[in-house]
Amino acid sequence: MTEPIYIEDAEELYQDAPFGYLTMYGNGKILNINNTFLDWMGYNRMEILGQKSFSSLLSIGGRIYLETHIMPILQLRGEIAEINIEFKKKDGTKLPTLINAKKVKKHAMSQPVFRLSVLDISQRKHYELELMKAQKKAEQMVQRLQQINQELEEFAYTASHDLQAPLSTISGLIGLLEKKGMLKHDAKAAKYFSVIKNNTDRMKLMIRDLLEYAKIDGKEPEMLQVSLNEVCDITLEILEEQIHLHQATVIIPELPLVVGDKNQLIRLFQNLIGNSLKYRSESAPRILVEFEEREQEFCFFVKDNGMGFNQSLAPQLFEFMKRLHSHSTIAGTGIGLSACKRIVELHGGIIGATSEEGKGSTFYFTLPKKEIG
Amino acid sequence: MEKNAQKRNNINLFGKGQQPMIFAHGFGCDQNMWRFVTPAFEDTHRIVLMDHVGSGHSDHAAYDFEKYNSLTGYAQDLIEVCEELQLQDVIAVAHSVSCMIAVLAAAARPELFDKLILIGPSPCYINDQDYFGGFDPKDIEELITTLESNYLGWSSYITPVIIGNPEKPEFSEELNRSFCTMNPEIAKHFAKVTFGGDNRADLAKVRTDSLIIQCHPDVIAPVEVGQFVHKNIRNSSFVQLNTSGHCPHLTAPELVISSIKNYLYA
């Protein structure tokens, strides 16, 4: 036996649809309403037809919204979609809905007629309110974090800046004591004195690096088109004395123009080339800058023939104040490479390093290709 | 003066006549609401359409929350538009909140305006002792909540497709983009300024001949409010249309057109 063909009963479909339906004039006079919507609202048909206008089913806020925004759009466009509006049920409670409406094309009435479909969104509304609350909270949190961050940056800058002056006085006086031979000439005193001097120098270095680091985040990077050859030239000038001291060779090819903050890029190259000098091997340092052009970015390499490092320790290199060597073997603060990482990240790139102990290292970083704008 | 008011207020100019008629829209919509009315005046007047800053295709970046914290900021813009376009003997046709904007502008610069046509004006929406404005403060709060919770509803109007008018390409292009859109933050602020304001004292400062066009019933600006405006603007006429709602220029444009014509040519 075959199933009979299912035939929709139009009236039953209208009245008992899983949707609210309502038909009205442009002035809000209700011409028809389906049972589903009546049930939701708690009214019977006679209480609505000829008795209530569409706007009287809304909260007052909803009425203003209807008159000033929804009806004008409906009149001008002939349809509206996904408007969230709240109805007031007979018992005074609210029914949050999404309404769609359309002008009826053919009818025998003297003025425009509009059909509305009403979707009950009580559940979704709860969810939406939760989301809005969470969003507000997140926005406040971001604001608070930004403020704390800014205060921290200012603190780091001010603290290190203010520590510099007394420290300069101390190291100046130490120099004077030594120069004028005002120290007792016994071995123990000389040892203490050398420890004081080393620690003062170390502290100076740390403060200088901290200040440099604080400067990176302290102000907005100035993104302009920059010639990396110019950046490297300036870097080499700054490092001239050290290059000479180490009898190093630095080879710089023709480099592309990039968009970036010139001062920060100089600091980047200064740190990388400076490290190649600092962590040299027995042989005279040979430092080679290279680059590779890719579809979206440039990748730059700073290769050296220095002492290298154990590749498994590579991730630690860029951590703040993390060092692979003790201060007594090679002086340093562990800030330089984390500053490099900050700078590259602020430019939208990534930084990394590959090495093999005793065979030199290659530091690389990417800079996205982009137009200024 | 720099020509910035035209861009800022998205000014559209057309019409064959001399005397300027500037149309200022109400809260929640934009200059598109005038499109059933302006054709009746194109042959006889110079039509100037504007969007208030923050509405329609005005320069939303120019929305300064401090400047637009009262209707005076909008009135200043209306005056600047008249000055920049060197308009004289202006007929200002204003709807809803724009009525008080026009009232403030005409009180400050009476020499610019010939006539005010005020459709559904209200100087104060909130009831105050003997004054009936139609709303309680909590109603306005409820509106703000409605706007707030309708965040998604407002943004769904960003790219609607509307059938344009082929005879007026500038119009069709406008319509093919979007209309009655508002940034939710601006919508909330504009609603607070519109429905929280009290400009009753400014009505008496108007010397310009004015026509008040009133619908009945109008839930936003009831008849009592229209009559209050009529009583307080000294050279005013009052006409009540046989239609309901707050936007007769959309629902019964022919009634609005004939009222304006009767008034202008009486």
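# Cavities, a pocket and strands in a predicted model

The second largest cavity is lined by L71(B), V97(B), M100(B), S122(B), P123(B), C124(B), Y125(B), V193(B), T194(B), G197(B) and N199(B). Helix 3 (97-108) and helix 7 (184-196) of chain B are the elements that give two or more residues to this lining. The model is predicted.

**Cavities**

- Rolling a probe the size of a water molecule over the atoms shows where empty space is left.
- A search of the whole structure finds two cavities of 30 Å³ or more.
- The second largest cavity holds about 40 Å³ of space.
- Its lining has seven nonpolar residues, four polar residues and no charged residues.

**The largest pocket**

- The volume of the largest pocket is about 950 Å³.
- Its lining consists of 38 residues, and N271(A), G274(A), N275(A), K278(A) and G336(A) are the ones that lie nearest its centre.
- Two or more lining residues come from each of these elements of chain A: helix 6 (187-218), helix 8 (240-246), helix 9 (262-278), helix 11 (336-346) and strand 12 (361-368).
- Which element gives the most to the lining of the largest pocket? Helix 9 of chain A does, with nine residues.
- By class, the lining of the largest pocket has 14 nonpolar, 16 polar and eight charged residues.
- Domain 2 (121-219) and domain 3 (220-373) of chain A each supply at least three residues to this lining.

**K262 in chain A**

- K262(A) belongs to helix 9 of chain A, the element that gives nine residues to the lining of the largest pocket.
- Q225(A) is 37 residues from K262(A) along the chain, and the C-alpha atoms of the two are separated by 8.6 Å.

**Strand 10 of chain A and its partners**

- Strand 10 of chain A (residues 297-303) is mostly covered, with five of its seven residues buried.
- Strand 10 of chain A pairs with strand 9 (residues 286-293) of chain A in the antiparallel sense, over six bridges.
- A hairpin of three residues joins strand 9 of chain A to strand 10 of chain A.
- One bridge in this pairing links V289(A) to V302(A) in strand 10 of chain A.
- Strand 10 of chain A also runs antiparallel to strand 12 of chain A, and seven bridges join the two.
- C299(A) has T366(A) opposite it in strand 12 of chain A.
- Strand 12 of chain A is also among the elements that give two or more residues to the lining of the largest pocket.

- Strand 2 of chain B pairs in the parallel sense with strand 3 (residues 46-50) of chain B, over five bridges.
- A24(B) has M50(B) as its bridge partner in strand 3 of chain B.
- Strand 2 of chain B also runs parallel to strand 4 (residues 90-95) of chain B, and four bridges join them.
- V93(B) in strand 4 of chain B stands opposite F23(B).

**V223 in chain B**

- V223(B) is placed in helix 8 (residues 223-232) of chain B.
- V223(B) counts as buried because its relative accessible area is 12%, and buried means under 20%.
- The C-alpha atoms of V223(B) and G134(B) are separated by 9.8 Å, while the two residues are 89 residues apart along the chain.

**Spans annotated in UniProt**

- An unreviewed UniProt entry lists residues 124-158 of chain A as "coiled-coil region".
- In the model, residues 124-158 of chain A are 100% helix and 0% strand, and the end C-alpha atoms lie 50 Å apart.
- An unreviewed UniProt entry also gives residues 27-58 of chain A the annotation "domain: PAS".
- Residues 27-58 of chain A are 34% helix and 12% strand, and the end C-alpha atoms of this span lie 14 Å apart.

How values were computed: Residues are numbered from 1 along each chain as its sequence is written. Chains are lettered from A and ligands numbered from 1 in the order in which they are written. This is a predicted model: local features need pLDDT of at least 70, side-chain atom pairs count only at pLDDT 80 or more; totals for chains, interfaces and linings use all residues. Side-chain values use heavy atoms; hydrogens and water are left out. On a 1 Å grid over the protein atoms alone, a cavity is a set of points where a 1.4 Å probe fits but cannot get out, and a pocket is an open set with protein on both sides within 12 Å along at least five of seven lines; lining residues have an atom within 4 Å of a point. Grid points are joined across faces, edges and corners, and a volume is the space filled by probe spheres set on the points. Ala, Val, Leu, Ile, Met, Phe, Trp, Tyr, Cys and Pro count as nonpolar, Asp, Glu, Lys and Arg as charged, and the others, Gly among them, as polar. Domain bounds come from an automatic or database domain assignment. UniProt positions are given in the numbering used here, feature names are shortened, and annotations may be inferred rather than shown by experiment. Buried means under 20% relative accessible area, exposed over 50%, partly exposed in between (1.4 Å probe, protein chains only). Two strands pair if DSSP finds at least two bridges between them.
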